[in-house]
Amino acid sequence: MTPDTSGETVLEVRDLHTHFFLRRGVVKAVDGVSFSLRRGEVLGLVGESGCGKSLTALSLMRLLPKGGARTIKGEVRLGGRNILECTPAEMREIRGRRISMVLQDPQTSLNPVFTIGDQLREAIVRRRRASGVPVMEEAVAALRRVEIAAPEQRIGQYPHQMSGGMKQRVVGAIAISGEPGVLIADEPTTALDVTIQLQYLKLLKRLQAETGMAILFITHDFGVVGRMCDRVAVMYAGRIVECGPVQRIFEAPQHPYTRALIASVPKMTGSVGRLATIEGQPPSLMDLPVGCRFASRCAHVEQRCLDAYPGTVRVGEEHTADCWKVMPS
Amino acid sequence: MAVVERPSSTDPVAPRLSLWRLVWPARIPGGFRRTSRVPWIPIAIISAIVVMALFAPLLAPYSPIDQTLRDKLLPPAWMAGGSDKYFLGTDAFGRDILSRLIYGARVSLMVALLALTAGGGVGLAVGIVAGYVGGAVDSVLMRLVDAAFTFPAILFALLLAVTMGQGLGTLVTAISLLLWASFARVIRGEVLSLRQRDFVALARVRGCSAPRIMLTHILPNVLNTFMVLVTLNIGVVIIAEATLSFLGAGIPPPTPTWGLMISEGRGRIADAWWVALIPGIAITLMVLSVNLFGDWLRDRLDPRLRQL
Amino acid sequence: MKRYIARRLMQGAVLLCMVATIVFFLGRLTGNPVDLMLPEDATPEDRAALTQTLGLDGPVLDQFAIFVGKAIHGDLGMSIRMKQPAVEAFFDRLPNTLVLIPWAILLGMLLGIPLGVVAALHRGSFLDRAAGTVAVLGIAMPSFWLGILLIFVFSVELGWLPSGRMGGPAHYVLPVITLATFLVAGFMRITRSAMLEVMESEFVKLARIKGLSEAVVIWKHCLRNALIPVLTLWGVFVGNLITGAIVTETVFAWPGIGRLTYEAVIYRDFPLLQAVIILKSILILSINLGVDILYAYVDPRIRVT
């Protein structure tokens with residue numbers, strides 16, 4: 001697994017803020033997220049539920065849930081263009097072809113009343129200009145590409161006639177049918193059986209190798225991160241607190257939160273002991289502290305942690321952490 | 001697999017039943033629905049009608065039954081030819097419409113009270129038993145519910161009126177038949193999910209008998225839903241009562257009911273519209289108020305019922 | 001699919017038997033059946049003849065056998081008032097109702113479903129509130145009173161439309177509006193809430209991720225799914241239409257089966273009422289069967305199993 005770090009940057013996110021504006025107050029779900037994604041790379045976005053991972057993804061697609069969510073600040077540069085400034089019509093051109101997404105739950109991601117062929121064709125027809133190949137054949141080819149057996153028969157079936165793993169493959173086929181440069185995978189294997197999970201991850205890897213697309217892989221599972229990703233960004237309470245190459249993060253995590261997360265991953269070897277857990281709860285996103293957001297749960301907390309946010313510190317080659325106690329390199 | 005989740009709390013004890021909660025419910029925990037404003041206008045209208053019904057003999061200016069034929073078909077007081085004596089005018093027999101309206105509220109509310117107690121009670125019992133016992137009992141009861149839904153109860157009501165004769169008993173029976181199935185269906189759904197909860201399992205482990213669990217653990221927990229259903233169905237009952245009276249299958253004349261008043265005024269629509277239209281306004285206002293109040297109550301007590 | 005229809009047919013048959021049984025026993029066990037089934041001025045000979053043919057002097061179960069036997073051959077007794085077989089009276093009037101109801105359903109769906117979609121799309125807007133007010137009012141008004149109100153406004157005051165009886169297209173306007181009001185309100189409410197739910201679902205998100213236009217997302221992906229709960233309520237709507245037809249036809253003097261039902265009640269014509277109820281049950285059950293088949297067409301999950 002050699003990260004192709006030479007690729008050009010295809011997606012650049014700078015200081016992204018997406019908040020929920022509710023009657024009770026403002027929920028700062030994404031509050032200053034920055035990262036970049038290069039061609040052919042897999043960046044893992046890791047964090048516990050509710051830390052803003054999924055909302056970050058939806059902000060990139062500009063498909064925020066209804067009910068007060070707005071991206072109020074930041075830039076999302078896709079091939080040099082800030083897509084936050086695009087019109088809805090331009091956005092529709094971009095979705096599916098430049099940036100696409102695989103959702104978490106295959107059981108609900110496909111429309112139950114249309115055949116998968118219909119749903120696949122919709123995606124194919126949109127991006128076709130005049131390729132000459134019949135749509136039907138292209139749809140079959142797309143299914144074959146995601147390793148679905150007997151695609152000619154499957155194409156006329158409804159989602160409920162397929163297993164979860166197969167549905168997720170179809171979702172994958174739909175997502176990449178426009179040959180996007182960036183694919184966001186939002187916990188694509190969480191809802192699948194463990195054995196199917198592995199197959200799906202391998203499939204994603206293979207498709208990536210074939211197309212050279214960049215993948216933003218969202219997960220809460222550090223085990224999957226090690227298997228899939230070149231780099232990893234750890235998110236906590238609306239911000240990325242540490243980002244770096246996978247190996248560096250695993251071997252020398254700098255942020256106390258990352259260290260705690262990695263300590264809580266069950267090891268395959270060694271004694272079966274108590275798993276480390278992190279005491280306490282993350283701060284309310286409606287009422288964030290001025291200082292470090294992890295301070296209330298951190299074992300090494302000091303006065304300066306409570307007084308001000310530490311800021312992003314470069315701690316090594318491509319490795320940054322938001323902590324007062326790390327040594328800048 | 002490092003899954004860091006917030007600790008979840010389950011409730012090993014059944015929430016205590018408090019009558020006060022029915023009157024002034026606590027906010028639904030974790031509910032993020034904006035609490036809608038208290039519907040003061042509907043509450044005022046409902047209260048006014050309830051007061052009218054309770055104190056009808058004191059409030060009504062005239063007897064609702066006695067006929068004054070020389071004063072027949074007088075228009076309401078504000079219209080040309082209207083008399084100050086009869087604020088809402090008189091009908092073809094010279095009876096004061098306001099007085100009949102006030103007494104009619106009595107009938108509507110009485111029928112609503114009785115039918116909701118009977119029909120709602122049966123539905124509650126069927127729903128709890130079907131949901132808790134399950135199995136064959138459940139499927140038989142639910143088939144019956146499906147059947148009741150398919151067949152319009154109003155036809156049975158008409159049949160009852162013809163075979164058993166008109167009267168309060170027939171009317172209440174007929175309307176109860178209309179109600180029980182929808183109560184049973186919703187309550188059963190609620191019980192099915194309650195059955196999975198920890199406090200029920202705990203009660204079973206402690207060795208409580210099935211009837212005891214249903215009475216002390218299940219029943220208190222479906223009362224909120226029951227109250228919402230009762231409120232949402234008051235309008236259904238009032239409309240059904242009026243419809244049956246209109247069709248000549250309600251409480252027989254001369255007892256004033258709103259439906260009957262409309263029926264009697266129907267033929268006079270060209271020269272005395274007030275006889276038929278005024279009671280209809282009363283029905284619409286009442287049903288509208290009760291429904292708006294019911295919607296609000298549902299949002300407060302049991303937002304999951306929104307689909308109804 | 002065949003098994004599904006067969007099962008529905010069986011359920012319908014069972015239900016029909018239940019209805020017939022209830023009708024029979026209500027007729028026999030409350031009071032004197034001879035009084036119920038003959039006019040008050042009937043001669044003793046008439047009474048004896050009826051007692052003979054229905055076996056009224058025999059045990060109840062024998063009477064039931066006679067009743068069922070006759071019913072199977074399409075004989076549900078003589079209408080007291082019309083002096084003709086009750087079944088015949090029903091089928092004489094049925095066409096008049098059948099020309100009225102489809103218009104009401106059409107109006108209800110054509111107005112109710114798009115309004116529900118639009119209300120859901122602009123949730124909380126002025127339009128949504130206006131639609132909500134109409135829905136709440138449509139449910140709160142007793143339909144017979146609405147009919148009278150319409151007559152007062154459009155026939156008495158404005159003189160634009162006829163107030164009743166069958167006739168040219170103008171005669172249809174007010175009865176159809178009266179029947180459709182409840183449907184418009186009902187369709188709108190259900191469509192709106194179903195749309196709100198569907199619009200939040202993941203497959204709609206995926207449709208947008210594909211880059212489909214909003215029109216396709218809403219009117220194809222969302223609406224097709226939202227129609228499923230709309231269809232499940234058809235059973236309720238059919239029942240309501242039957243009830244609605246009784247009061248509407250009564251108000252507008254429309255000579256259909258609804259008006260026939262009213263006449264049976266008013267004149268205490270038990271044999272007629274008995275026949276009307278049994279035949280209406282058959283009607284309702286057949287409509288429901290049709291809706292079930294349509295339902296299987298809209299929701300492939302049912303079709304296959």
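This is a predicted model: local features need pLDDT of at least 70, side-chain atom pairs count only at pLDDT 80 or more; totals for chains, interfaces and linings use all residues.
Leaving out neighbours within four places in sequence, L124(B) is in contact with F183(B), I187(B) and F226(B), where contact means C-beta atoms, placed from the backbone, within 7 Å. Residues are numbered from 1 along each chain as its sequence is written, while chains are lettered from A and ligands numbered from 1 in the order in which they are written.

**More on L124(B)**
- L124(B) sits in helix α4 (residues 97-133) of chain B; helices are DSSP runs of H or I with at least four residues, strands are E runs of at least two, and both are numbered from the N terminus.
- L124(B) is buried, with 22 other C-beta atoms within 10 Å (20 or more is buried, 12 or fewer exposed, in between partly exposed).
- I239(B) is 115 residues away from L124(B) along the chain, and their C-alpha atoms are separated by 22 Å.

**A helix pair in chain B**
- Helices α2 (residues 40-54) and α11 (residues 273-301) of chain B pack at about 130°, their axes 8 Å apart; axes are lines fitted to C-alpha atoms over the stretch in contact, and angles run from 0 to 180 degrees between N-to-C directions.
- That makes α2(B) and α11(B) oblique to each other (under 35 degrees is roughly parallel, over 145 roughly antiparallel, 65 to 115 roughly perpendicular, the rest oblique).
- On the α2(B) side the contact uses P42(B), I43(B), I45(B), I46(B) and I49(B), and α11(B) brings residues including L285(B), M286(B) and F293(B).
- The contact residues split into 10 nonpolar, one polar and no charged; Ala, Val, Leu, Ile, Met, Phe, Trp, Tyr, Cys and Pro count as nonpolar, Asp, Glu, Lys and Arg as charged, and the others, Gly among them, as polar.

**The sheet in chain A**
- Eight strands of chain A make an open, mixed sheet in the order β6-β7-β8-β3-β9-β10-β12-β11, with strands counted as paired if DSSP finds at least two bridges between them.
- β6 and β11 (313-316) of chain A are the edge strands with a single partner each, so one side of each has no neighbour in the sheet.
- β11(A) runs antiparallel to β12 (residues 319-321) of chain A, joined by three bridges, and V313(A) stands opposite A321(A).

**Chain A against chain C**
- 26 residues of chain A are in contact with 19 residues of chain C.
- The chain A side has 12 nonpolar, seven polar and seven charged residues.

Notes
Two residues are in contact if their C-beta atoms, placed from the backbone, lie within 7 Å.
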